[in-house]
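This briefing covers a predicted model.

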Amino acid sequence: MRKNEYESLEQFVSQYIGEWNPSGGHWYGLDFRYGGKIYRFHTGCMYDEKEILPNGKEVMFGLYEKKENDDDNKREYDLLGLFAEMKEVLSSKVIQGRPFCEVIVDENTELLGQD
């Protein structure tokens, strides 16, 4: 049985355009489970990461992995990667070595929540 609500990559991409407008179907963040771990796709930076990438472009998106252990620094997620454009996120392999464009539409990816 398919767990994932996304049946196409276009469904995901159309929801994350850098604008928060839930009534229009546009979101800033998505928590999801893949391969036994919880991840977060986020518009912009979640913490105090640099907002300009080494290539001089502004950070538009980030991918994070939820920490398994609670520690003292109060951050729930570890940074996996920061990206200036959606196409960079989609081609990244920071989640278990698999392209994100495949992870996000995988039938076993479970969407946990959007904000």
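Strands S2 and S3 pair in the antiparallel sense, with five bridges between them. This pairing is part of an open sheet of five strands, ordered S4-S3-S2-S1-S5 with antiparallel pairing. S4 and S5 are the edge strands, each pairing on one side only. From one strand to the next, the twist averages 20°.

**Pairing around S3**

- Strand S3 (residues 61-66) is mostly covered, with five of its six residues buried.

**Pairing around S1**

- S1 and S2 are joined by six bridges and pair in the antiparallel sense.
- Asp-31 stands opposite Arg-40 in S2, and Arg-33 has Ile-38 in S2 as its bridge partner.
- The two strands S1 and S2 form a hairpin with two residues between them. In the turn, Gly-35 has a positive phi of about 55°.
- S1 is also joined to strand S5 (residues 110-114) by four bridges, and S1 and S5 run antiparallel.
- The bridge partner of Phe-32 in S5 is Leu-111.
- Is strand S1 (residues 29-34) largely enclosed or open? Five of its six residues are buried, so S1 is largely enclosed by the rest of the structure.

**His-42 in S2**

- His-42 belongs to strand S2 (residues 37-43).
- Why is His-42 counted as buried? Its relative accessible area is 14%, and buried means under 20%.
- Its side chain makes a polar contact of 3.1 Å with the side chain of Arg-40.
- Which residues does His-42 contact, leaving aside neighbours within four places in sequence? They are Tyr-28, Gly-29, Met-60, Phe-61, Gly-62 and Tyr-64.
- Arg-40, the polar partner of His-42, is also the residue that Asp-31 stands opposite in S2.

**Nonpolar cores**

- In soluble globular proteins, nonpolar side chains tend to be buried together.
- The largest nonpolar core here has 20 residues, of which Phe-12, Tyr-16, Leu-30, Phe-32, Phe-41 and Phe-100 touch the most other members.
- S1, S2, S3, H2 and H3 are the elements that give two or more residues to this core.
- Leu-30, leaving aside neighbours within four places in sequence, is in contact with Tyr-6, Phe-12, Tyr-16, Tyr-39, Arg-40, Phe-41, Ile-104, Leu-111, Gly-113 and Gln-114.
- Another core, of seven residues, lies apart from the largest one; among its members are Cys-45, Val-59, Tyr-77 and Leu-82.

**Gln-96 in a loop**

- Gln-96 is placed in the loop between helix H2 (86-91) and helix H3 (100-103).
- Phi of Gln-96 is near 55°, a positive value in a residue other than glycine.
- Why does Gln-96 count as partly exposed? Its relative accessibility is 44%, which lies between the limits of 20% for buried and 50% for exposed.

Definitions and conventions. Residues are numbered from 1 along each chain as its sequence is written. This is a predicted model: local features need pLDDT of at least 70, side-chain atom pairs count only at pLDDT 80 or more; totals for chains, interfaces and linings use all residues. Side-chain values use heavy atoms; hydrogens and water are left out. Buried means under 20% relative accessible area, exposed over 50%, partly exposed in between (1.4 Å probe, protein chains only). A polar contact is a pair of N or O atoms within 3.5 Å; within protein, one must be able to donate a hydrogen and the other to accept it, and residues adjacent in sequence count only if both atoms are side-chain atoms. Contact means heavy atoms within 4.5 Å. Two strands pair if DSSP finds at least two bridges between them. Axes are lines fitted to C-alpha atoms, for helices over the stretch in contact, and angles run from 0 to 180 degrees between N-to-C directions. A nonpolar core is a set of buried Ala, Val, Leu, Ile, Met, Phe, Trp, Tyr and Cys residues joined through side-chain atoms within 4.5 Å.
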